[in-house]
Amino acid sequence: MDSQPYISGFRPADSGPLSRFLPALEDGVISAWLSHLNLTGSWLLDPFGFSPRLVLEAARSGYRVLVTANNPVTRFLLEMFANPPEQSEFTAALADLGAVKKGDERLEVHLQSLYLTTCEKCNQQIYAQAFLWRKGADAPYARIYECKHCGDSGEREVTDEDIDRVKKIAATDGLHRSRAFEKVVALNDEDRFYAEEAIQYYLPRPLYVLTTIINRLDSLNLSPERKRALTGLVLLACDAGNTIWAHPAERPRPKQLSTPNQFREQNVWMMLERGLSLWAETGSPVKIEAWPTKIPESGGIIIYEGRL
């Protein structure tokens, strides 16, 4: 067997959406390895489909890749990376969502108001970037903000108003949690147990924000491409809203659902806005189809949704 040199890759400037749940593989390794084989146009089989970026890199190297992807989130990531909507579609989709009415308010204004706090230095009302919690507590102990009025920024103790706002939202948590269950899974569904387990890792405020956003999606009259862009942003928001964001980030790659002793409650709307840049894909689009549709010999991806 011929020896192969060690192939070192490089870490991308931005690891991309949901990267903490995906293998920490370096870019450039699979394409460099394939260049040694010199079998451009041949088939590659990825029976696990655990890394969308690995599959994409192989396809861009001129290979036809058959990948088993029965995880709907992994498949969505692969389809988005292979052929992402234009950046303008993401911006327009978020603007459309923010303009929806919640009572007499725009949805963006209503949801951002849930994260209002007072600057410790100039006493202006601003939006907190995150609140810090201790596991098992009924209120946060600190907030993180950057005041655009006076420039004060960093971690500060919470105020009485911050605590009152949290408790007011928590008072209606049971209703919103029940509605979230019914939106996700039916009462007699065998997978309801998993939904009940997962939803325990959402505090009342982010859960309310997420359910409010998801309930508004059906009422939006969006083009298929803009709806796909908005779905991508909401997927990031769902990840941003859970309680497995340790503070400080001692577990950047969580292996299981577990709330750390100290964690961040992210401003979900701000994370939606941050998603505009996270979904940016600089590589060329890749032909991607579902099995058994054929793809050209020049390279592409076929997704098989069945079992391995």
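Two strands count as paired here if DSSP finds at least two bridges between them. I needed that cut-off for β8 (residues 142-146) and β9, which are joined by 5 bridges and run antiparallel. The model I am reading is a predicted one.

**Entry 1: the antiparallel sheet**

Next I went through the bridges. Ile144 stands opposite Glu155 in β9. Glu146 has Ser153 of β9 as its bridge partner. On the β7 side, strand β7 (residues 130-134) pairs with β8 over 3 bridges, in the antiparallel sense. There, Ala130 has Ile144 of β8 as its bridge partner.

β8 is mostly covered, with 4 of its 5 residues buried. The hairpin of β8 and β9 has 6 residues between the strands, and Gly151 in it takes a positive phi near 90 degrees.

**Entry 2: the parallel sheet**

I turned to the sheet that holds β1 and β11. This one is also open: 4 strands in the order β1-β2-β12-β11, with parallel pairing. β1 (43-46) and β11 (288-290) are its edge strands, and each pairs on one side only. The twist averages 20 degrees from one strand to the next.

β11 pairs with strand β12 (residues 300-304) in the parallel sense over 3 bridges. Ala290 has Ile303 in β12 as its bridge partner.

**Entry 3: helices α2 and α3**

What covers the buried residues of α2? I listed those residues before answering. In helix α2 (residues 52-60), the buried ones are Pro52, Val55, Leu56, Glu57, Ala58 and Ala59. Their cover includes α1 (29-37), β1, β2 (64-68), α3 and β12. Just after α2, Gly62 has a positive phi of about 95 degrees.

α3 came next. Of its 11 residues, 8 are buried, so α3 is largely enclosed by the rest of the structure. The buried residues are Thr74, Arg75, Phe76, Leu77, Leu78, Met80, Phe81 and Ala82. I looked up what they pack against: α2, β2, α4 (87-99), α10, β11 and β12.

**Entry 4: the largest pocket**

I finished with the largest pocket. It holds about 1,300 Å³ of space. It is lined by 38 residues, and Val184, Ala198, Tyr202, Cys238 and Asp239 are the closest to its centre. By class, the lining has 23 nonpolar, 8 polar and 7 charged residues.

Which helix gives the most to the lining? I found α9, with 8 residues. Helices that each supply at least two lining residues are α3 (72-82), α7 (173-184), α8 (192-199), α9 (204-217) and α10 (224-240). I note that α3 contributes to the pocket lining and that its buried residues pack against α10, which also supplies lining residues.

Terms used: Residues numbered from 1 in each chain as written. Predicted model: local features only at pLDDT ≥ 70, side-chain atom pairs only at ≥ 80, totals over all residues. Heavy atoms only, no water. Axes fitted to C-alpha atoms, helices over the stretch in contact; angles between N-to-C directions. 1 Å grid on protein atoms, 1.4 Å probe; cavity = no way out; pocket = protein on both sides within 12 Å on 5 of 7 lines; lining within 4 Å. Points joined across faces, edges and corners; volume = space filled by probe spheres on them. Nonpolar A, V, L, I, M, F, W, Y, C, P; charged D, E, K, R; others polar. Buried < 20%, exposed > 50% of the residue type's maximum accessible area, 1.4 Å probe, protein only. Contact = heavy atoms within 4.5 Å.
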